[in-house]
Every structure is written in structure tokens, then in C-alpha cells.
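Good morning, colleagues. Please keep the structure in view as I speak.

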Amino acid sequence: MTEKSTLRPLAITQGDPAGIGPEIVAKAFRDAPELLRGCFAVGDLATLRRAAQCIVRPGQPELPVAQIDAPVQALDMPPRSLPVLPLPGLPGPVPWGQVSAQAGRAAAQCVVWAARAALRGEVAGLVTAPLHKESLHAAGVDYPGHTELLQAEAAAHAGVALADMPVRMMLASDELCTVLVSIHVSLRDALAAVTQGNLLQTLQITHEALSRSLGRAPRIAVAGLNPHAGEGGLFGREEIEVIAPAIAEGLRRGWTVVGPLPPDTVFMRARHAPGHPGEFDAVLAMYHDQGLIPMKYLGVDKGVNVTLGLPLVRTSPDHGTAFDIAGQGVADASSLIEAVRMARRLAL
């Protein structure tokens with residue numbers, strides 16, 4: 001069997017066309033040609049050609065942008081070229097750095113197309129460039145981000161209720177991996193989501209997903225909710241009444257789980273650094289910022305967003321649309337390249 005016959009196309013969505021998504025997609029195809037073999041962008045042809053132009057620098061060759069009509073055609077494209085599968089009805093280039101319903105609708109259409117293609121088995125998975133939540137909202141999209149939109153598509157494809165397709169957000173890099181109990185909700189709602197059922201479900205999704213990728217049972221640390229993990233009930237009783245019972249049930253099921261541990265030190269203990277192997281494979285964080293602040297402090301160029309629990313592979317760079325620098329050709333594509341690398345690994 002040849003290498004080409006084993007390679008499956010990977011879809012990369014253009015993201016919000018007013019942000020840095022299109023240009024980091026173009027940079028990835030230019031700067032990591034071997035890794036991007038068999039990948040293609042889903043979006044608007046003119047938008048991606050504009051992005052390829054904005055990254056041109058003196059003395060550098062331009063990146064060819066070519067239209068394809070089916071995912072499989074990406075396998076025949078030469079390296080250092082950008083194959084684009086254009087979707088009907090998408091707007092042409094929109095103004096850089098501006099929130100708009102038009103841009104939000106275009107970003108959502110690309111994600112929906114790629115998700116459905118993955119669910120049908122036409123692509124190995126999808127890598128999503130950043131979208132803008134305000135633009136999504138302006139477009140009337142009922143979901144606050146990629147994760148929830150993909151969850152809805154997967155549930156509809158499977159013919160099950162949304163609650164029967166539980167998903168979780170994982171942020172991963174070579175140094176640290178964290179999984180979130182709740183995602184894009186207010187802090188008040190995030191605190192209410194710290195229930196024994198949600199914690200146990202998060203542990204199960206994490207254990208199953210990482211067991212597949214690691215080839216062994218993962219070591220999972222569970223962060224406390226309160227300072228010092230509650231200090232024996234002095235700073236809150238959630239650790240005693242909610243978190244510890246969920247951990248005990250996980251242990252009863254044979255999972256390797258430790259906690260609840262103080263959230264101000266657990267990420268340092270889990271970090272894999274030179275001369276300091278991390279104690280854990282993942283940290284289960286109680287809410288969005290608790291888990292993402294340490295990840296992003298280590299460098300957004302390294303982190304990859306992975307959606308766990310879906311019947312498809314989906315990764316994304318660990319940063320937003322960066323409207324303030326969009327169109328200048330200075331955006332860093334490192335996180336997108338790492339997201340492609342991760343998607344390739346997960347799709348094997």
C-alpha cells in the first residue's frame with residue numbers, strides 16, 4: 001500500500017474572514033509543506049487569495065492558491081500550494097478586524113460543512129481556524145463557539161439529544177494538558193456546573209480519550225475549586241461534598257485519579273519541562289479560566305484545542321481572531337501547525 005493511499009484528506013476551516021484565520025492557514029501551507037500534504041482549506045477562494053498576498057515578503061515566492069472540487073483532490077496538490085474547496089454563498093473578502101454578521105455566518109458555514117464531511121467519513125478530521133464569538137452571535141448562530149456547534153452537529157448526525165453527546169474541551173501542549181469541566185459560560189454558571197455528575201462525566205471522557213492516544217491509562221489530577229482545595233472545608237465544602245466523591249467513584253472504576261489538589265500548584269506539578277517530568281498526564285480544571293490561564297501563560301504558540309467526546313477528530317489553535325493585527329501578515333501560525341500535527345496523530 002502506498003503512502004498516498006493511506007493518507008486521508010484533512011479539512012482546515014478559514015475561520016472568521018475578518019481575523020487572522022485565513023493568513024495563518026496560508027502561512028501553515030507555506031511553512032510546513034510536508035505536514036500539510038493532503039490538507040485543504042474550506043472557505044472563500046478570494047478571501048484565501050487575499051490572505052496569501054498579505055503574507056508575501058520581499059524575496060519570497062508567492063503561495064499558489066488553487067480551487068479544488070472534492071476533498072480527495074487535495075492529495076494530488078504539490079507542496080507549498082494552498083488547495084481551497086470553496087463553499088457556495090460565502091461572501092468575498094470582508095474588512096479586516098471588524099465584527100460582522102456576514103463574517104460570523106461565513107465562519108459557521110465552513111465549520112458545519114467540515115463537521116458533516118468528517119461525520120460522513122469524507123475527511124480524516126477538521127482543524128478550525130479561530131472564529132469570533134460576537135460575529136457568530138450577530139449572525140444568529142445559537143452556539144457560543146466551535147465546541148458547542150460541533151456537539152450539535154454530531155448529536156444531529158447520530159440522532160440523539162444534545163445531552164447524550166457530552167463533549168469537553170482539552171488544551172494540550174508538550175508541557176501541559178488540561179481538560180475543562182465547563183466551557184463558555186459565566187463564572188456563576190461554571191460554579192453551578194461543578195456537580196458530581198459533571199465531574200464524573202469529565203473524568204470518563206478524559207480517561208477514554210487519553211487512553212486511546214497514550215496507549216495506556218492516563219494519570220489524571222483533579223484541581224480543587226476553592227483556594228488551597230478548600231483547606232479541609234475552611235474555604236468551601238465543594239471539595240469534600242462534590243469533588244472527592246467523584247474521584248472516589250473514578251478510583252472504584254479503575255481510573256488513575258488524584259485529588260482534589262490545590263489549583264495554585266497542581267499545574268506546576270503536571271508540567272513536563274526539561275529535567276522535570278510532570279507527575280500527571282492531564283489536569284481536570286473546574287472552569288474555563290482556571291485551566292486556560294496556565295496553558296496560555298506557557299505560550300499560545302504551543303497549545304492546541306482538542307474537542308473530546310465527538311465521533312470525529314477536531315483540533316484548533318489556542319488563540320483567537322486577533323482583529324488588531326489581522327491583514328498585516330505578522331500573525332504566528334505555530335499553534336495552527338501544531339493543531340494539524342495533533343489532528344494527524346489522532347486520526348491514525
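Two cavities of 30 Å³ or more are present in the structure. On a 1 Å grid over the protein atoms alone, a cavity is a set of points where a 1.4 Å probe fits but cannot get out, whereas a pocket is an open set with protein on both sides within 12 Å along at least five of seven lines; lining residues have an atom within 4 Å of a point. Grid points are joined across faces, edges and corners, and a volume is the space filled by probe spheres set on the points.

The model is a predicted one, in which local features need pLDDT of at least 70 and side-chain atom pairs count only at pLDDT 80 or more, while totals for chains, interfaces and linings use all residues. Residues are numbered from 1 along each chain as its sequence is written, and side-chain values use heavy atoms, with hydrogens and water left out.

The largest cavity has a volume of about 70 Å³. Its lining comprises 13 residues, and Phe 29, Leu 36, Arg 37, Pro 78 and Ser 81 lie nearest the centre. Nine of the lining residues are nonpolar, two polar and two charged; here Ala, Val, Leu, Ile, Met, Phe, Trp, Tyr, Cys and Pro count as nonpolar, Asp, Glu, Lys and Arg as charged, and the others, Gly among them, as polar.

The second largest cavity holds about 30 Å³. Among the residues lining this cavity are Arg 30, Ala 52, Ile 55 and Glu 62. Its lining has five nonpolar, one polar and two charged residues.

Now to the largest pocket, with about 940 Å³ of space. It is lined by 35 residues, with Met 170, Leu 210, Ser 213, Met 342 and Leu 346 nearest its centre. Which element gives the most to this lining? Helix H8 does, with nine residues. At least two residues each come from strand E6 (168-172), helix H8 (196-214), strand E11 (304-308) and helix H12 (334-347); helices (H or I, at least four residues) and strands (E, at least two) are DSSP runs, numbered from the N terminus. By class, the pocket lining divides into 18 nonpolar, seven polar and 10 charged residues.

H8 also packs on another helix. The axes of H8 and helix H9 (residues 238-252) come within 9 Å and cross at roughly 40°; axes are lines fitted to C-alpha atoms, for helices over the stretch in contact, and angles run from 0 to 180 degrees between N-to-C directions. H8 is therefore oblique to H9, since angles under 35 degrees count as roughly parallel, over 145 as roughly antiparallel, 65 to 115 as roughly perpendicular and the rest as oblique. Residues in contact (heavy atoms within 4.5 Å) include Leu 199 and Leu 203 of H8 and Val 242 and Ile 243 of H9. The contact has seven nonpolar, two polar and one charged residues.

For helix H2 (residues 21-31) and helix H3 (residues 45-54), the axes come within 8 Å and cross at roughly 65°. H2 is therefore roughly perpendicular to H3.

Finally, the backbone. Most residues other than glycine have a negative phi, and most peptide bonds are trans. Ala 229, a residue other than glycine, has a positive phi near 55°, and this residue is found in the loop between strand E8 (219-223) and H9. Gly 259 and Pro 260 are joined by a cis peptide bond, with omega about -5°; Pro 260 lies in strand E9 (residues 256-261).
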